[in-house]
Amino acid sequence: MGPLRSVVLAGGGTGGHIYPLLAFADCLRRHDPGVQITCLGTPKGLENELIPPAGYDLRNIPAYQLPRSINMNLVRTPGRMWTAARAAGKVIEEVRADVVVGFGGYVSVPAYLAAWRRELPIVIHEVNVPPGVANRLGMRFTKHVAVGFPHQPAQAEALRDARVVGVPLRRNIAGLDRAAMRNAARAHFGLRPDLPVLFVAGGSQGARSINLAVAGAAKELARNGIQVLHVMGARNEPVPIPSDLPVPYVTLPYLSDMDAGYAAADLMLGRGGAMTCAEVAAIGLPTIYVPYPHSNQEQKRNALPVVEAGGGLLVDDAELTPDWLERTVIPLIRDPQRLHTMGAAAAGYGRRDGDEALLNFVYEAVASQ
């Protein structure tokens, strides 16, 4: 089929929806610099901080959280949703979209509704099990559903017929050569080139338990020559780190260039968000996963297949203590052969071509409409 002239991308609220959207937008633009890309978001979403600086047109529409139970909000939802879908429809008509591609988040629902009313092709990309509520609704309007991981169709009936395409990753991560970048990345953070590095990044939500455990193990890690690059999370209270350590322990509130953090690391300690799992597996970075405990366990489901493939370790949040870290991290990070084996296993599970595979799927969906 011919090139796509205009594509509307819908996804917002969290980085797990926005980062794949941006990676896919980059892929579209690489294949056709002339394609019109329009992103839908909401006025309060994280997309306002991420999408315009990446060079893409962001149109905000009203979007409302979907109630999960029957209450007065549910009674009001049809009117609200109609308002949001009308706003999405105006954008879709103005840019004369060929297709709507949704990545989840509440802004996706009005986009799916507006596209369905106009009989436009809809493609949904989902990374979680169970699927998010917005994408679950969207699946009523389209059979074109793509997923990020091979375990998803087996674990969720709604995703049984979905196409496994991988997760679209930003090129600076998908194309990352950790070994080639290692020394430069360590110099960038003020780390020594000759000692192993533990990279800690628990995300902005719920990483306090990780921060406290690593801080508690800081002295013993340092005594064993282990450097730490620790992203505390911008929304978390800083945790004090001992000041008299014999090797570098670098703390940051937030890190935008995660590729540099990955390149500096021998081992990562983090949550089990879908994007983290997709990124570290693709680049073959051995990881200790500490899934966020206060949820429906999707982070555990994300991490488990990588761990079962040999690419990492899994520990419950409640079991993550300074003592556990000292007993686990010190022998592991000082065993290059074991790290190499774990990294190779992670890379064997992960994939770097999610953006291209999703683009091919979108072309198929448009051609079959």
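Mentor: Start with pairing: two strands pair if DSSP finds at least two bridges between them. Helices (H or I, at least four residues) and strands (E, at least two) are DSSP runs, numbered from the N terminus. This is a predicted model, where local features need pLDDT of at least 70, side-chain atom pairs count only at pLDDT 80 or more, and totals for chains, interfaces and linings use all residues. Residues are numbered from 1 along each chain as its sequence is written, and side-chain values use heavy atoms, with hydrogens and water left out.

Trainee: In what order do the strands of the open sheet of six run?

Mentor: Strands of a sheet pair through backbone hydrogen bonds, either parallel or antiparallel. Here the order is β10-β9-β8-β11-β12-β13, and the pairing is parallel. β10 (249-252) and β13 (312-314) are the edge strands, each pairing on one side only. On average, neighbouring strands of this sheet are turned by 15° against each other, direction ignored. Axes are lines fitted to C-alpha atoms, for helices over the stretch in contact, and angles run from 0 to 180 degrees between N-to-C directions.

Trainee: How many bridges join β8 to β9?

Mentor: Five bridges join β8 (residues 197-201) and β9 (residues 227-231), which run parallel. Val-200 has His-230 in β9 as its bridge partner.

Trainee: Which strands does helix α13 lie across?

Mentor: Helix α13 (residues 322-333) lies across β8, β11 (267-270), β12 (287-289) and β13. Its direction is about 155° to β11.

Trainee: Now strand β1. Why is β1 called largely enclosed?

Mentor: Buried means under 20% relative accessible area, exposed over 50%, partly exposed in between (1.4 Å probe, protein chains only). Five of the five residues of β1 (residues 6-10) are buried, so the rest of the structure largely encloses this strand.

Trainee: Which way do the residues of β1 point?

Mentor: In a regular strand the side chains alternate between the two faces of the sheet. In β1, Ser-6, Val-8 and Ala-10 point one way, Val-7 and Leu-9 the other.

Trainee: Which strands pair with β1?

Mentor: β2 (residues 36-41) pairs with β1 in the parallel sense over five bridges. Ser-6 has Gln-36 as its bridge partner in β2. Between these strands the chain passes through helix α1 (residues 15-31), and this β-α-β crossover is right-handed. That term applies if, with the strands pointing away from the viewer, the path from the first strand over the helix to the second runs clockwise. β4 (residues 99-102) also runs parallel to β1, joined by four bridges. Leu-9 has Val-101 as its bridge partner in β4.

Trainee: Where does UniProt place the feature "binding site"?

Mentor: The unreviewed entry lists Thr-14, Gly-15, Gly-16, Asn-128, Arg-170, Ser-204 and Gln-299. UniProt positions are given in the numbering used here, feature names are shortened, and annotations may be inferred rather than shown by experiment.

Trainee: Is Gly-15 buried or exposed?

Mentor: Gly-15 counts as buried, because its relative accessibility is 16%. Gly-15 lies in helix α1. Leaving aside neighbours within four places in sequence, Gly-15 is in contact (heavy atoms within 4.5 Å) with Pro-20, Leu-46 and Met-275.

Trainee: Which residues of helix α12 are buried?

Mentor: An α-helix has 3.6 residues a turn, so residues three or four places apart point the same way. In α12 (residues 298-308), the buried residues include Gln-299, Asn-302, Ala-303 and Val-306. Among the elements covering the buried residues of α12 are α6 (151-155), α11 (274-283) and α14 (336-349). Just after α12, Gly-310 takes a positive phi of about 100°.
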